[in-house]
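User: Please walk me through this structure, feature by feature. For each one, give me the general idea and then the case at hand.
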Amino acid sequence: MYLSTISLIYIKPCTTGGGRIKFRAKLSNPVPEVMPYLNTVIKTGLYIPSAHTFTYKIGSHIINIHDHNLTCTQLTNEAECYEMIDQLYQLINETWENRASIVPNEETRERPSAIQLYKLLPRKIGCKICGQGSCMGFASKLILGTCRLNQCTLMKEAEYAPNYLSLEAHLQLLGYETD
Amino acid sequence: MDTYLDNAATSFPKPLAVPEVIYDYIVNNGATSGRGSYEKAILADGLVYQTRKKLAKLFNHHDPKTVVFTSSVTESLNLALQGILKPGDHVVTSSLEHNAVWRCLKTLERDRGINISVVPATATGETAVKDVAAAITPDTKMIVFTHASNVLGTIQPIGEIGALARKKDILFLVDAAQTAGVVPIDIQAQNIDLLAFTGHKSLLGPMGTGGLIVNCATDIHPLISGGTGGDSAYEYQPDYYPNHLEAGTMNVSGIIGLGAALDFLEAEGLDTIRHKEDNLMNYALEALRDVSGIELYGPQDSSKTVGVIAFNLQGHVPEEIAFYLDQKCQVMIRSGLHCAPSAHRLIGTVNRGTCRIGIGYFNEKTDIDTLINGLKSYLKENN
């Protein structure tokens with residue numbers, strides 16, 4: 001067995017609505033050796049070998065594994081967090097146990113582009129409140145992880161909620177914090 | 001030395017691991033379950049979830065999130081009956097129900113206008129599935145059945161009733177108070193929509209633990225509303241499980257204790273437990289038949305019952321017998337109606353009651369010998 005435990009260490013507090021819960025968990029040991037195999041098993045995952053990061057989606061949940069740490073988004077309650085941990089524990093250990101029959105894949109699948117993110121930004125009036133010279137500049141910084149989504153104040157307006165969720169999902173898939 | 005033969009009321013003793021984990025939790029953790037912002041609270045929450053998982057596994061239920069904790073099987077039954085039944089709904093139930101079901105149904109009949117049909121049973125507490133089918137009407141919303149009578153021990157044909165209920169698209173609620181932990185229960189195979197259980201009988205956990213397993217999409221109106229630890233700005237009870245039906249600080253110590261009891265049950269194996277209790281039942285039945293003036297009730301066949309034997313001694317009052325056994329022989333048994341007057345009506349003891357022994361996994365043949373010796377001494381002194 002590769003991992004002995006995955007321990008939950010943080011759940012977003014009760015100010016968070018159901019369906020918006022996020023948790024952090026600690027792995028008993030890092031799993032870089034398993035990641036190329038996970039990258040084969042999970043065909044939609046995003047593996048970045050240089051960063052030892054593997055990110056993928058299960059339904060609306062985005063799971064990010066990096067070093068000893070694991071995060072997961074869009075959960076309903078604590079019970080679902082534990083259920084997810086069980087699922088991930090099983091996935092990692094089973095993938096490692098079956099590695100002899102899995103061809104490891106070191107490739108990084110295509111990442112979301114700055115243009116994709118730019119298209120989801122609101123209005124695009126170049127207000128510069130985010131501190132960037134243009135909305136395209138902001139989108140580029142989002143991709144690099146040097147800007148946070150909440151720096152765009154227009155994003156919080158109700159009419160852009162669907163765009164916010166899409167952007168958030170893209171960024172989480174890249175392994176970035178979004179709030 | 002005390003002889004405990006009241007396991008149908010609550011099991012005693014408990015596996016040592018049960019008080020040990022409770023002590024460890026209270027002394028070394030003590031945090032509440034629910035959304036914790038610190039590691040100990042999250043750990044407590046994790047232990048509660050592990051118990052949900054163990055229960056789901058024991059009863060072959062697919063989703064631990066719909067294992068809802070309550071304080072007792074009575075609360076679980078009230079939750080299901082009060083939370084689902086509406087005016088005009090018809091309910092089919094057995095002739096053997098404990099007041100946990102019966103009083104709840106009668107109250108709903110009086111206050112909410114539900115209708116009840118009681119399926120007949122034989123004097124030994126056996127129910128024919130054709131009689132259940134005959135009681136169903138177009139308005140039947142639910143069939144609620146005890147899995148085994150707490151007076152006669154008789155096991156009911158839950159699998160067949162479940163198949164009937166599923167075929168007729170009627171909800172099936174099972175009261176597993178006397179069976180969970182000793183008789184196999186398979187929610188999927190037996191088509192059980194709602195399983196109410198207690199933690200402190202054959203599951204060998206502490207009192208104050210129980211639950212309802214929800215294996216259907218039917219909306220259940222919560223019995224109570226309150227804090228769930230999450231989604232706090234929302235002004236109503238959340239609609240997702242288990243929080244939909246759980247409010248307030250949980251009995252974390254009890255639930256953790258129940259978790260340890262479930263580990264014990266898994267290690268021992270239900271077959272081993274059932275086999276031992278069956279042997280003790282047969283031994284007890286044989287020995288009781290030799291007691292002068294004994295009146296035995298129920299099937300008197302361990303394969304048809306859980307470890308419960310109801311009896312009387314001709315011409316003697318059950319309370320007097322139980323009192324004598326307790327005071328003179330340190331043997332603990334139960335006398336009276338056992339909160340199940342319907343079952344006593346079947347055997348004609350509703351005015352008199354019976355003595356009842358409840359055999360548990362930790363009993364030995366010597367306990368039965370002590371009981372028999374006590375009964376013989378009682379007869380010697382009182383005849």
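User: Which residue stands opposite M142(B) in β6(B)?

Analyst: Strands of a sheet pair through backbone hydrogen bonds, either parallel or antiparallel. Here M142(B) faces L171(B) of β6(B). The model is predicted: local features need pLDDT of at least 70, side-chain atom pairs count only at pLDDT 80 or more, and totals for chains, interfaces and linings use all residues. Residues are numbered from 1 along each chain as its sequence is written, and chains are lettered from A and ligands numbered from 1 in the order in which they are written.

User: How many bridges join β5 to β6 of chain B, and do these strands run parallel or antiparallel?

Analyst: Two strands count as paired if DSSP finds at least two bridges between them. Strands themselves are DSSP runs of E, at least two residues; helices are runs of H or I, at least four residues; both are numbered from the N terminus. β5 (residues 140-146) and β6 (residues 171-175) of chain B run parallel and share five bridges.

User: What is the strand order of the sheet that holds them?

Analyst: It is an open sheet of seven strands in chain B, ordered β2-β8-β7-β6-β5-β3-β4, with mixed pairing. β2 (67-70) and β4 (115-118) of chain B each have a single partner strand, so one side of each lacks a neighbour in the sheet. On average, neighbouring strands are turned by 20° against each other, direction ignored. For such angles, axes are lines fitted to C-alpha atoms, for helices over the stretch in contact, and angles run from 0 to 180 degrees between N-to-C directions.

User: Which helix packs on this sheet?

Analyst: Helix α3 (residues 73-84) of chain B does. Contact means that the C-beta atoms of two residues, placed from the backbone, lie within 7 Å. Helix α3 of chain B touches β2, β5, β6, β7 (194-198) and β8 (210-214) of chain B, and its direction makes about 155° with that of β7(B).

User: How does β7(B) pair with β6(B), in the parallel or the antiparallel sense?

Analyst: β6(B) and β7(B) pair in the parallel sense over three bridges. L173(B) stands opposite L194(B) there. With β8(B), β7(B) runs antiparallel, joined by five bridges. On that side L195(B) has I213(B) as its bridge partner.

User: How many residues of β7(B) are buried?

Analyst: First the cut-offs: a residue is buried if 20 or more other C-beta atoms lie within 10 Å of its own, exposed if 12 or fewer, and partly exposed in between, with C-beta atoms placed from the backbone. In β7(B), five of five residues are buried. L194(B), A196(B) and T198(B) point one way, L195(B) and F197(B) the other.

User: Is V68(B) buried or exposed?

Analyst: V68(B) belongs to strand β2 of chain B. Because 23 other C-beta atoms lie within 10 Å, V68(B) is buried. Setting aside neighbours within four places in sequence, its contacts are G211(B), L212(B), V214(B), Y241(B), P242(B), L245(B) and E246(B). V68(B) and L245(B) are 177 residues apart in sequence, yet their C-alpha atoms are 6.8 Å apart.

User: What domains does chain B have?

Analyst: Domain bounds come from an automatic or database domain assignment. That assignment gives chain B domain 1 (3-12 + 269-382) and domain 2 (17-268). Their C-alpha centres lie 27 Å apart.
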